[in-house]
Amino acid sequence: MKFFVDTADVAEIKALAETGLLDGVTTNPSLVAKSGRNFIELIKEIAAIVPGPVSAEVGATDFDAMMAEGLYLSTLAKNIAVKVPLTPAGLRVCKNLSARGTMVNVTLCFSAAQAIVAAKAGAAFISPFVGRLDDVGHNGMALIQEICTIYKAYPAFTTEVLVASVRHPQHVVEAATMGAHVATCPPAIIRQLFNHPLTDKGLAQFVADWEKSGQKILAA
Ligand code: E4P
């Protein structure tokens, strides 16, 4: 399973890249606005830090403008995935850019039917938003299960399931159990994946016992 970080905070991206476990980055207009940074400069900087796919979302919503923005974004770096909304115009852009060899991440997916049309449009990634579905009383992970089942039934679909709007580590564990290809998580949730109180407790005990032993592995 691949881990993407869902942020436009360069310091967080650098810190997580140092773990060696970061496979890509997703951004969206809200995250970019929160960063206060110039979008183009920001995307170039992120794409130079992380070699994996970096999602950069179009701002327009009509076909011609999205297409022009997508073409421009795709020139910023080799690892850009142009992000488009799951609308008829967005899927048309997806089909066009994918045919040119550009990775496209189709975002704002809330149903299996939408995931099917995105795969048919050649999307590199489909982004179902599990947390936002949970927020309105639906079952976000049930949608992931449904999409994984459908995609597996059609080997010609090469679209990767990118679980988005992740709210807690259990979303990641369930996504992995279902065979989803990618989870994109806020930095805090990626950090939570590493932690367990019994790890901290056990380590403190080992450190104390090792000091008591008076031994050293390497001479000072
Ligand atoms: C995905 O690409 C989106 O940027 C993101 O996961 C949305 O998450 P949110 O529902 O927490 O805003």
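This is a predicted model: local features need pLDDT of at least 70, side-chain atom pairs count only at pLDDT 80 or more; totals for chains, interfaces and linings use all residues.
Two strands count as paired if DSSP finds at least two bridges between them.

**The barrel.** Select strands β1 to β8: these 8 strands close into a barrel in the order β1-β2-β3-β4-β5-β6-β7-β8, with parallel pairing. From one strand to the next, the twist averages 30 degrees.

Next, display β5 (residues 103-109) and β6 (residues 125-128), parallel strands joined by 3 bridges. Cys 109 may then be selected, which stands opposite Pro 128 in β6.

**α4 and α5.** Select residues 63-74 (α4) together with residues 88-99 (α5): the helices pack at an angle of about 40 degrees, their axes 9 Å apart. They are therefore oblique to each other, and α4 passes α5 in a right-handed crossing. Side chains to show include Phe 63, Met 66 and Leu 71 of α4, and Arg 92, Val 93 and Leu 97 of α5, which are among the contact residues. By class, this contact of α4 with α5 has 7 nonpolar, 3 polar and 1 charged residues.

**α6 and α8.** Finally, select α6 (residues 112-120) and α8 (residues 140-153), whose axes come within 9 Å and cross at roughly 40 degrees. The crossing of α6 past α8 is right-handed. Ala 112, Ala 115, Ile 116 and Ala 119 of α6 meet Leu 143, Glu 146, Ile 147, Ile 150 and Tyr 151 of α8. This contact of α6 with α8 has 8 nonpolar, no polar and 1 charged residues.

Notes. Residues are numbered from 1 along each chain as its sequence is written. Side-chain values use heavy atoms; hydrogens and water are left out. Axes are lines fitted to C-alpha atoms, for helices over the stretch in contact, and angles run from 0 to 180 degrees between N-to-C directions. Helices (H or I, at least four residues) and strands (E, at least two) are DSSP runs, numbered from the N terminus. Angles under 35 degrees count as roughly parallel, over 145 as roughly antiparallel, 65 to 115 as roughly perpendicular and the rest as oblique. A crossing is left-handed if the near helix is turned anticlockwise from the far one by less than a right angle, and right-handed if clockwise. Contact means heavy atoms within 4.5 Å. Ala, Val, Leu, Ile, Met, Phe, Trp, Tyr, Cys and Pro count as nonpolar, Asp, Glu, Lys and Arg as charged, and the others, Gly among them, as polar.
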